[in-house]
Amino acid sequence: MKILNLYACLGGNRYKWGDEHDITAVEWDEELARMYQERFPNDKVILEDAHQYLLDHYKEFDFIWSSPPCPTHSTFQFSMKNSRVMKYPDMALYQEIIFLDTFYDGRYCVENVISYYEPLIEPKKRGRHYFWTNFQLPYNINKRIAPSMKINGELNEWIKFYNYDFNKYNGKLEKRTLARNMVDYEIGKVILDTAMGILKKQDEKQISLL
């Protein structure tokens, strides 16, 4: 399949997708894009605005995964209301959901954190994530237990959890935040496998009709 991986970060969701697919990753952070390319040398990495890239290229792909920035939606944002300058929720999240659900013919998954407000479009809640998809998801998509965010040595626990050294990152983001925001690779694999199974059934049905 031709897959578009938007806001690719370090490719947590992509880790178990294998190399049989034609994968294009879009990431705005130059350091993250460089590290993603090191992890997945066979992928095409685009250093652009993922939100605009989706609008310009959505017709070219069979499956689209999008993980728009989550800080303005998170419960952490609400918990800090008395100690930081507040920001409006970034509505690019809902722009992409509406756009894909209306105009895209393939299968898509938009992922984000559980929000501090009631979602404007009903998601599928799995663990600490919201997912918006145009196909059904298994209820249990991951049995791995992520590290606690309140323990000493949290970053080291994330390094063990993902088997990846986040200390390699030399960009502007805080390393723990980077690790926390990654989607577990088991979740990414289950969701892609589910989408592939649906697309395969559609192809078989079309062939039988011919």
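Q: How is burial read here, and is Cys109 buried or exposed?
A: Burial is judged from relative accessible area: buried is under 20%, exposed is over 50%, and partly exposed lies in between (1.4 Å probe, protein chains only). Cys109 counts as buried because its relative accessibility is 0%. This is a predicted model, in which local features need pLDDT of at least 70 and side-chain atom pairs count only at pLDDT 80 or more, while totals for chains, interfaces and linings use all residues. Residues are numbered from 1 along each chain as its sequence is written, and side-chain values use heavy atoms, with hydrogens and water left out.

Q: How is a pair of aromatic rings described, and how many aromatic pairs does the structure hold?
A: The description uses the distance of the centres and the angle of the planes. Rings of Phe, Tyr and Trp (its six-membered ring) pair if their centres lie within 6.5 Å; planes under 30 degrees apart are stacked, over 60 edge-to-face, and the rest tilted. The structure holds 15 such pairs. One of them joins Trp158 and Tyr162, which are stacked at 5.8 Å centre to centre with 10° between the planes.

Q: Where do Trp158 and Tyr162 lie?
A: Both belong to helix H5, four residues apart, about one turn of the helix. Helices (H or I, at least four residues) and strands (E, at least two) are DSSP runs numbered from the N terminus. Trp158 is buried because its relative accessibility is 0%, and Tyr162 is buried at 2% relative accessible area. Tyr162 also pairs edge-to-face with Phe166, at 6.1 Å centre to centre and 75° between the planes. Phe166, at 0% relative accessibility, is buried. One aromatic cluster takes in Tyr15, Trp158, Phe161, Tyr162, Tyr164, Phe166 and Tyr185.

Q: Which residue lies over the face of Tyr164?
A: A charge sits over a ring if NZ of Lys or CZ of Arg is within 6 Å of the ring centre and within 35 degrees of the ring normal. Arg39 lies over the face of Tyr164, 4.4 Å from the ring centre. The charged end of Lys2 sits over the Phe61 ring, 5.5 Å from its centre.

Q: What is the volume of the second largest pocket, and which residues lie nearest its centre?
A: On a 1 Å grid over the protein atoms alone, a cavity is a set of points where a 1.4 Å probe fits but cannot get out, and a pocket is an open set with protein on both sides within 12 Å along at least five of seven lines; lining residues have an atom within 4 Å of a point. The second largest pocket has a volume of about 250 Å³, volume being the space filled by probe spheres set on the points, which are joined across faces, edges and corners. Its lining has 16 residues, with Arg126, Gly127, Arg128, Asn142 and Ile187 nearest the centre. Helix H5 (154–162) and strand E6 (124–126) each supply at least two lining residues; H5 gives the largest share, three residues.
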